[in-house]
Amino acid sequence: MTGGSQADGVCVAACSGEFDRDTVPAPADVCEREAGAAELLVLDVARVTFAGSAFLNLMIRLHRTRPL
């Protein structure tokens, strides 16, 4: 996952690869660190090849803190 780029309160974070319970802490850290003040977080998941329930849980948690 690459860090987010921000403009006008929007943070875009690009995810790529596989995400399961062992690898999801890395994108969670990036999203919380990079998108802390963003009003809108956009997750670009076009390059995600596998997303387990832990990744879905991360998206739900992020959506509870800001529009996603």
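1. Disulfides. With a disulfide taken as a pair of cysteine sulfur atoms within 2.5 Å, the count in this predicted model comes to zero. Cys15 takes part in no disulfide, and the nearest cysteine sulfur, that of Cys31, lies 6.0 Å away. Cys31 is likewise in no disulfide, its nearest cysteine sulfur being that of Cys15, at 6.0 Å. In general terms, a disulfide is a covalent bond between the sulfur atoms of two cysteines.

2. Burial of the cysteines. Buried here stands for under 20% relative accessible area, exposed for over 50%, and partly exposed for values in between (1.4 Å probe, protein chains only). Cys15 counts as buried because its relative accessibility is 2%. Cys31 also counts as buried, at 2% relative accessibility.

3. Basis of the model. Residues are numbered from 1 along each chain as its sequence is written, and side-chain values use heavy atoms, with hydrogens and water left out. As the model is predicted, local features need pLDDT of at least 70 and side-chain atom pairs count only at pLDDT 80 or more, whereas totals for chains, interfaces and linings use all residues.

4. Overall architecture. The chain has two helices and three strands, which follow the pattern β-β-α-β-α along the sequence. These elements are DSSP runs numbered from the N terminus: helices are H or I with at least four residues, strands E with at least two. Of the 68 residues, 31% count as buried. Among contacts (heavy atoms within 4.5 Å) with a separation of 6 or more, residues 24 or more positions apart account for 76%.

5. Helix α1. Which residues of helix α1 are buried? In α1, residues 25-34, they are Pro27, Ala28, Val30 and Cys31. These residues lie on the same side of α1 because they cover an arc of only 165° around the axis, the arc being that of the directions from the helix axis to the C-beta atoms. The exposed residues Glu32 and Arg33 are carried on the face of α1 turned away from its buried side. The cover over the buried residues of α1 includes β2, β3 (40-51) and α2 (53-65).

6. Surface. The chain exposes about 4300 Å², of which carbon and sulfur atoms supply 51%; accessible areas come from the Shrake-Rupley method with a 1.4 Å probe, and for residues only the protein chains shown count as cover. Val12, Leu40 and Val42 form a nonpolar surface patch with about 180 Å² of accessible area together. Patches are made of residues with over 30% relative accessible area and no salt bridge; like charges are joined within 9 Å, and nonpolar side chains (Val, Leu, Ile, Met, Phe, Trp, Tyr) within 5 Å. A salt bridge is a side-chain nitrogen of Lys or Arg within 4 Å of a carboxyl oxygen of Asp or Glu.

7. Strand β2. Val12 belongs to strand β2, residues 10-19, and counts as partly exposed at 33% relative accessibility. Val10 is also found in β2; its relative accessible area of 25% makes it partly exposed.

8. Helix α2. Met59 is located in helix α2 and is partly exposed, at 25% relative accessibility. Leaving aside residues up to four places away in sequence, Met59 touches Leu43 and Leu68. Met59 and Leu43 are 16 residues apart in sequence, with a C-alpha to C-alpha distance of 8.7 Å.
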